[in-house]
Amino acid sequence: MVSRARGYARAREHPFARLGGAFIADMSLLEVRNVAKRYGPVVALKSAELIVEPGEVHALLGANGAGKSTLVKILTGVIRHDTGTIAVNGDEVRIGSPERARRVGFAPVFQDPAMLPDLTVAQNLRLTRTDIGGAREWLERMDLTVDLTEMTSDIPLPMLRMLDLARALARDPQLLLLDEITAALPSDLAEKVFDVMRQWRDRGRSVLFISHRLAEVTATCDRASVLRDGRTVGTLEPRPGEEEKIVELMLGTTRSQLAESIESETREKEVEVVEAPAPKAAVGEPQLVVRNLVVGDDQDGVSFELRAGEILGVAALEGQGQDLLFDNLAGERKPRSGEMVVAGNPFSPRTPYEAIRAGVVLVPADRILALLPQRPIRENIAAPLYNRITRWGPINRRDETRRVQNAIEALSIDTRAQRQARRLSGGNQQKLTLARWLAAGFTTMLCFDPTRGIDVGTKRQIYALLRELAEAGAAVLLFTSELPEIQLVCDRTIVVYRGAVTGEMPAADADESALLKAAHGLGTVEAAA
Amino acid sequence: MTTVDEAGAVVGRKGLDWRRVVARHGWTIGVYVLLVLLIIGYIWALAPVTFTSFDLNTIAIGGLPLAFAAMAQSVIVISGGIDLSLGVMVAVINVLAASLMENKSFGIALLIAVGLMVVGVIMGTINGGLIVLTGVPDIVVTLAMSFVWGGVALLIMRTPGGGAPGDFQALGTGAFLSSWIPAGAVIIAIVLLAVWMPIRWRRPGFAIYGIGSERARAYLSGVNVSVTRVLAYSIGGFFAAMGGLAATATTGIGTPYAGNFITLNSVAAVVLGGVSLAGGKGGLVGPVAAAFCLILVPSIMVFQGIDPNYGQVIQGALIVIVVMIGGLVLLRERR
């Protein structure tokens, strides 16, 4: 391990030594340099750097939206990067398809099971040109017994993950990419995965390991690269007990970035004070009560109370059931079990229509999904009105105009491109999804990551509006993947982990590192006071 | 938490597990039971006339073109597509065969038949290729193509006519070894074993099931999705050509406008035969039996003295019900 670390240090000291890389015998297995990727206006990766040496277990870390999954998708050929270079053993490669990724010696195990459900395991192996004997050998080495003639759809999820792993190993890759493989595994199987990772390293091969569980990373990985906001902010050697140091790096406390963020946040906060009074303790009646709501497979129940006049933050890492929770509350999906109460009445909407009638409205992250993209601003804002005002009679155009105008002004929506909602900028589209409910009226607003990919100015406007709504007595449930914002807008925060509320704290205590620690399951946060 | 033991079974277990065979192929077995029941109903409806090998052959002859069309539709639906021009493609091959084979020797007729199989593959490839290249949904492209192929059929032959050598007709109407074994059934079995099974149990077959099952996962598994989609339509085109040749052999003439009836029935046979309209599930053996079931129902009603027009209403209703049940099963699985 020492020599590996020294090799890495040398590469850092002489950044241009690699220009002659082709002649150096111990070149890196994988070199990702300055890789960027944008989806339309959204920048997913700004400049990713990743160097994996032969014979190491390398962790890829980062908070939600830092660009981890984008980088993994690029390395596995699911998407193509825009700029930057990827070199394998010193030769630059372009990985355009999963098949290409396989040929350059990468074998991925994705977050979700990759085997096709309507084929048997053996057929899946043959489809991917995997050596069945090799896969069987790895299964035996991991002490697993599986009938390969079984239909994949009949095999339980944890075993499917192990089969994906065995399949990846049987391809004998130079680099094994494990994306959140342990998320769905019981601890005995996770232990087997770590064993395999060690064995793989001992063969001189490498593993790229992605996990939200920092304890696993410090226990198994030689080095870790940390992504933040689409940039690689550092590479370190993770040691047990240093989890908090890693969290700091994920949050970005390097001097320049800290200065940058303080500057922008103070600017924001000054306006915040003017436009919306500082959060105060919620005093309203419980508006939305959720008891033991089970939202998905293998998940515990969620319980919380949301009061009128309060913004309740929901902090969670990816895939902890928060999306299902919002779907259930909005009537898009039925919960497995549990109870919901809105304004004292039992609430079990079968459709979004029923939820909206009960005053519970959703502002989703995917704006285009919520809007009528081909229609003008006016119709988009007025659409929910027709549920209520006049169901059969003619539409009261004057009332509609007034409501639409008020909503446009409240959010200062840019109406220059008003003929088609899809022509608006992302920020204006998101304002539109909010404006609809301002015009139509509601009691409880569910905001699921409403500021995803939105500029700072619009963010500020949206949050100021949410605070105003709360002051006016609305109940707001806010999930955001940008943790610093929770302290900025919320009164109180719950932390959701694996479909259960594992912590609750007032916004004052909910700084980013406290939330991240709780969301990573590092010590439960008790309700303060 | 699921432990390893619950995954059960042993690595590479040998031998047949009958319970699993029934679980996996239960629907297909059920369709064959239904077919036997319908044949018994047919015998009963025929009474007091005795059921002979002649009657069995009549059933086989009546269902042969549809059986091939059902096989064609099955491959395409399993891959996650649907072809609404299938019946018309059958008609195109039917009239081509009838006009080319008229007054020819048996040998020449067989050569023409092989050539038309290639034509069928080309037609299917055109359908699939258009779908993949344009990105327009399968149902839209093939509906449009049904008008193109329909026009082609009428250009070749304006009214029913043409012919085929007697020996060639015997391939569809005759018997094999015993008078109780219809030649048509033997040909279906040969095509299934010699053409479909080798594809089904190799990578192309797994890929066809794969893209119908979970297209994104199939892509991640390294499957060339576009090529596989076109392949499914090409195979469908081959079976459609077999259907057209069967129509020529069983009727002895070409009929340019029999298409839409076959298209609709092929979809019904696919659903009744246990293929999921969502793709990825089912096989070809079930739909073959389902095709004969769909042919038997109106025959039984005719023997019962029911007005043939009512028969059409009832058959249409049957198709709606079958497709609806298939849809309900789908809905339940999604929930």
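The legends below accompany close-up views of a predicted model.

**View 1. Domain 1 and domain 2 of chain A and the contact between them.** In the predicted model, chain A is divided into domain 1, which takes in residues 2-105 together with 206-252, and domain 2, which covers residues 256-520. The contact draws on 12 residues from domain 1 of chain A and on 13 residues from domain 2 of chain A. Between them the two domains of chain A bury about 1,300 Å², with 53% of this area on carbon and sulfur atoms.

**View 2. Helix H9 of chain A on the domain 1 side of the contact.** Helix H9 (residues 243-251) of chain A contributes 4 residues, the largest share of the side of domain 1 that touches domain 2 of chain A. Sorted by class, that side of domain 1 of chain A holds 5 nonpolar, 4 polar and 3 charged residues.

**View 3. The interface of chain A and chain B.** Here 37 residues of chain A are in contact with 32 residues of chain B, and the area buried between the two chains is about 3,000 Å², of which 59% comes from carbon and sulfur atoms. A:Leu116, A:Asp118 and A:Leu127 supply 20% of the area that chain A buries against chain B, which is more than any other three residues supply.

**View 4. A:Asp118 and the polar links between chain A and chain B.** A:Asp118 forms a salt bridge with B:Lys281, in which the closest N and O atoms are 3.3 Å apart. Across the interface of chain A and chain B there are 3 salt bridges, and 9 residue pairs are in polar contact with both residues at pLDDT 80 or more. Helix H3 (98-103), helix H4 (121-127), helix H6 (157-170) and helix H7 (187-202) of chain A each supply at least two residues of the side that touches chain B. By class, this side of chain A has 19 nonpolar, 8 polar and 10 charged residues.

**View 5. An open antiparallel sheet in chain A.** The sheet is formed by 4 strands of chain A in the order S12-S11-S14-S15, with antiparallel pairing. Strand S12 (301-307) and strand S15 (345-346) of chain A are the edge strands, each pairing on one side only. Strand S11 (residues 286-294) of chain A pairs with S12(A) in the antiparallel sense over 6 bridges, and A:Leu288 has A:Leu306 in S12(A) as its bridge partner.

Methods
Residues are numbered from 1 along each chain as its sequence is written. Chains are lettered from A and ligands numbered from 1 in the order in which they are written. This is a predicted model: local features need pLDDT of at least 70, side-chain atom pairs count only at pLDDT 80 or more; totals for chains, interfaces and linings use all residues. Side-chain values use heavy atoms; hydrogens and water are left out. Domain bounds come from an automatic or database domain assignment. Contact means heavy atoms within 4.5 Å. Buried area is the accessible area (1.4 Å probe) that two parts lose on being put together, summed over both. Ala, Val, Leu, Ile, Met, Phe, Trp, Tyr, Cys and Pro count as nonpolar, Asp, Glu, Lys and Arg as charged, and the others, Gly among them, as polar. A salt bridge is a side-chain nitrogen of Lys or Arg within 4 Å of a carboxyl oxygen of Asp or Glu. A polar contact is a pair of N or O atoms within 3.5 Å; within protein, one must be able to donate a hydrogen and the other to accept it, and residues adjacent in sequence count only if both atoms are side-chain atoms. Two strands pair if DSSP finds at least two bridges between them.
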